[in-house]
Amino acid sequence: MGRRALPKINPAIDASRHLYQLDDLQPPFQPEQFFRQVDAPLCIEIGSGKGLFLNTSAREYPTHNFVGVELAKRYAHFAGSRLAKNGFENAIMISGDGLKFMADYVADASCYAVHVYFPDPWWKERHRKRRVMKESLIQDIQRVLVDGGELHFWTDVKEYFDTTVELIDKVSSLEGPFEVNPESPEHDLDYRTHFERRMRMNDKPVYRSRYRK
């Protein structure tokens with residue numbers, strides 16, 4: 001089930017405070033350069049797609065700061081423009097490689113939560129080395145989480161879910177997986193991501209896990 005075409009972006013929207021290019025940033029990532037609430041809990045989403053999670057979370061948790069990282073430039077642009085349109089001061093998009101951002105930019109024990117939702121499954125055996133949920137990222141997630149911080153990983157591919165759960169247990173000391181009970185959505189904004197909405201509206205299974213440092 002591939003991605004649908006993006007709606008057109010209003011060229012009048014100024015996204016300069018909500019959209020950044022990873023290659024233009026200097027490590028380490030410093031929240032005070034992007035957010036007014038410098039001491040707010042920092043949450044990172046790797047692979048933000050159209051940005052539904054960022055937009056709904058920024059609205060629901062105004063005392064938290066959110067950073068989304070998306071490799072596809074057009075999706076990062078769209079998500080950043082949505083944040084700008086909604087006027088959120090606690091959420092930004094970064095266009096670039098989420099693995100690089102986590103490895104080279106994010107400081108130790110600086111994140112309240114890391115979210116990874118429906119990453120590309122790379123079905124073929126020879127392509128699985130391209131999967132996001134690999135040993136290096138899992139170890140970076142453990143490194144950047146504060147004590148008590150959480151990892152949220154969801155996928156619609158059971159094989160990906162099972163192998164990732166095994167890998168997390170093998171290469172990290174994160175506690176879990178804890179059971180995640182999905183709420184019954186009443187409208188579109190109850191879904192965390194656009195992909196989850198599509199899967200559930202088509203009665204497709206979603207596999208969810210939550211871990212704690």
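## Salt bridges, an enclosed helix and a buried serine

Begin by selecting Asp108, Asp140 and Arg143, which are linked in a network of salt bridges (a salt bridge is a side-chain nitrogen of Lys or Arg within 4 Å of a carboxyl oxygen of Asp or Glu). The model is predicted, so that local features need pLDDT of at least 70 and side-chain atom pairs count only at pLDDT 80 or more, while totals for chains, interfaces and linings use all residues. Residues are numbered from 1 along each chain as its sequence is written, and side-chain values use heavy atoms, with hydrogens and water left out.

Helices (H or I, at least four residues) and strands (E, at least two) are DSSP runs, numbered from the N terminus. Asp108 is exposed at 51% relative accessible area, whereas Arg143, at 24%, is partly exposed. Here buried means under 20% relative accessible area, exposed over 50%, and partly exposed in between (1.4 Å probe, protein chains only).

The whole structure holds 9 salt bridges. Select next Glu89 and Arg36, another such pair, with the closest N and O atoms 3.4 Å apart. Glu89 is in the loop between helix 2 (73–86) and strand 4 (91–95), and Arg36 in the loop between strand 1 (19–21) and strand 2 (42–46), 53 residues apart. Glu89 is partly exposed at 45%; Arg36 is exposed at 60%.

Continue to Glu159 and Arg128, a salt bridge with its closest N and O atoms 3.2 Å apart. Glu159 belongs to helix 5 and Arg128 to the loop between strand 5 and helix 4.

Now select helix 1 (residues 52–60): 7 of its 9 residues are buried, so the helix is largely enclosed by the rest of the structure. Among the buried residues are Leu52, Phe53 and Leu54.

Finish at Ser172, in the loop between helix 5 (158–171) and strand 7 (175–178). Ser172 is buried, at 13% relative accessible area. A polar atom of the Ser172 side chain lies 2.7 Å from the backbone oxygen of Ile168, and the backbone nitrogen of Leu174 lies 3.3 Å from a polar atom of that side chain. Leaving aside neighbours within four places in sequence, Ser172 is in contact (heavy atoms within 4.5 Å) with Ile138 and Gln142.

How values were computed
A polar contact is a pair of N or O atoms within 3.5 Å; within protein, one must be able to donate a hydrogen and the other to accept it, and residues adjacent in sequence count only if both atoms are side-chain atoms.
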